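Here is a short note to read beside the model. Keep the structure open and find each residue as you go.

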Amino acid sequence: EMLLYASYSTGFKAGGTNTDRIDPMFPQVFGPEASKAVEVGMKADLMDGRMRLNVAVHETTIEGFQSNAFAGNGFNLQNAGEGDTSGYEVDTTYLASESLKFNFAYAKNKAFVRDFPNGTCWTATPWQNGQADPGRTDPSSPVCSRNGSRVSGNPEDVGYLAAQKNFRFSGSASGFFRAEYTHVGDTMTDGNGDPLKLRESYSKVNLRLAVLLEDLNTEVSIWKRNITDSRMYETVFDVPVQDGKLNAYPHEPSTWGVTVRTTFE
């Protein structure tokens, strides 16, 4: 009923050449990166099989971490000295009854870049707020230290909770109602660590009601996503040749629809 495991693994990513027109202060060629990862965990069936619990703890060290940042006129891909990521994950499914199921998942993951003296400088925050980039030691240089900065695209906290109730209407018709809640922690969206590119945490709630017409091999469902109309951005980036201006790609707002799926045999 229980599995305990431990693993050690290594990885490799090749280097390459920057083809964008980045500042000549940055090297055009970047080197490979290599990783070492350790993970221990447990997978268990509990409560006479009505609950499945998965737990894992992990740590990864990356030498020559390839950090990518948009520098306004091109993508600047450079090697940091080291990248570290560590955290834990919990994932469980619980059958409260034959017709009611719950899912819960949570991941905590911290990821930082260390020993990175030749990173990309902030552009938006100094222009908008007058706050100097603390990593800039030479005002005339486009190179800034990014030691200790967060890895872009990595929220430290992600949580998920779902409940599904199944129904039986007749011998040939059934259905279900499902509710989902997702929380994503704040996320740095670019490799230069500019504070104005930090996406705040957000939460979403999705609902779905479905009817299954089994004789017709058809499912009809009505759904609504992001019912609280939370507004958030996927990424934030500097506008080329316009210091201080930022663009962003937004997620979809609250949406609803009807879906019909049919299987032909």
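1. Ground rules. This is a predicted model: local features need pLDDT of at least 70, side-chain atom pairs count only at pLDDT 80 or more, and totals for chains, interfaces and linings use all residues. Residues are numbered from 1 along each chain as its sequence is written, and side-chain values use heavy atoms, with hydrogens and water left out.

2. The cavity. Rolling a probe the size of a water molecule over the atoms shows where empty space is left. The work is done on a 1 Å grid over the protein atoms alone; a cavity is a set of points where a 1.4 Å probe fits but cannot get out. The structure holds one cavity of 30 Å³ or more. The largest cavity has about 40 Å³ of space. A volume is the space filled by probe spheres set on the grid points, which are joined across faces, edges and corners.

3. The cavity lining. Lining residues have an atom within 4 Å of a point. Here they are Ser67, Ala69, Asn76, Gln78, Phe116, Gly119, Thr120 and Gly191. Strands are DSSP runs (E, at least two residues), numbered from the N terminus. By class, the lining has two nonpolar, six polar and no charged residues. Ala, Val, Leu, Ile, Met, Phe, Trp, Tyr, Cys and Pro count as nonpolar, Asp, Glu, Lys and Arg as charged, and the others, Gly among them, as polar.

4. The second largest pocket. A pocket is an open set of points with protein on both sides within 12 Å along at least five of seven lines. This one has a volume of about 180 Å³. Among its lining residues are Asn68, Phe70, Asp190 and Tyr249. Strand 6 (66-70) and strand 19 (233-238) are the elements that give two or more residues to this lining. The lining divides into six nonpolar, five polar and one charged.

5. The core. Which residues make up the largest nonpolar core? They are Ile62, Phe65, Ala80, Ala111, Val113, Phe116 and Val151. Such a core is a set of buried Ala, Val, Leu, Ile, Met, Phe, Trp, Tyr and Cys residues joined through side-chain atoms within 4.5 Å. Buried means under 20% relative accessible area, exposed over 50%, and partly exposed in between (1.4 Å probe, protein chains only).

6. Aromatic pairs. The whole structure has three. Tyrosine 88 and tyrosine 106 form a tilted pair, 6.1 Å centre to centre with 50° between the planes. Tyrosine 88 is in strand 8 (residues 82-95) and tyrosine 106 in strand 9 (residues 100-114), 18 residues apart. Phenylalanine 167 and phenylalanine 169 form a stacked pair, at 6.4 Å and 20°. Rings of Phe, Tyr and Trp (its six-membered ring) pair if their centres lie within 6.5 Å; planes under 30 degrees apart count as stacked, over 60 as edge-to-face and the rest as tilted.

7. Two positive phi angles. Methionine 47 has a phi of about 55° although it is not a glycine. Asparagine 226 also has a positive phi of about 55°. Asparagine 226 counts as buried because its value is 2%.

Notes:
Helices (H or I, at least four residues) and strands (E, at least two) are DSSP runs, numbered from the N terminus.
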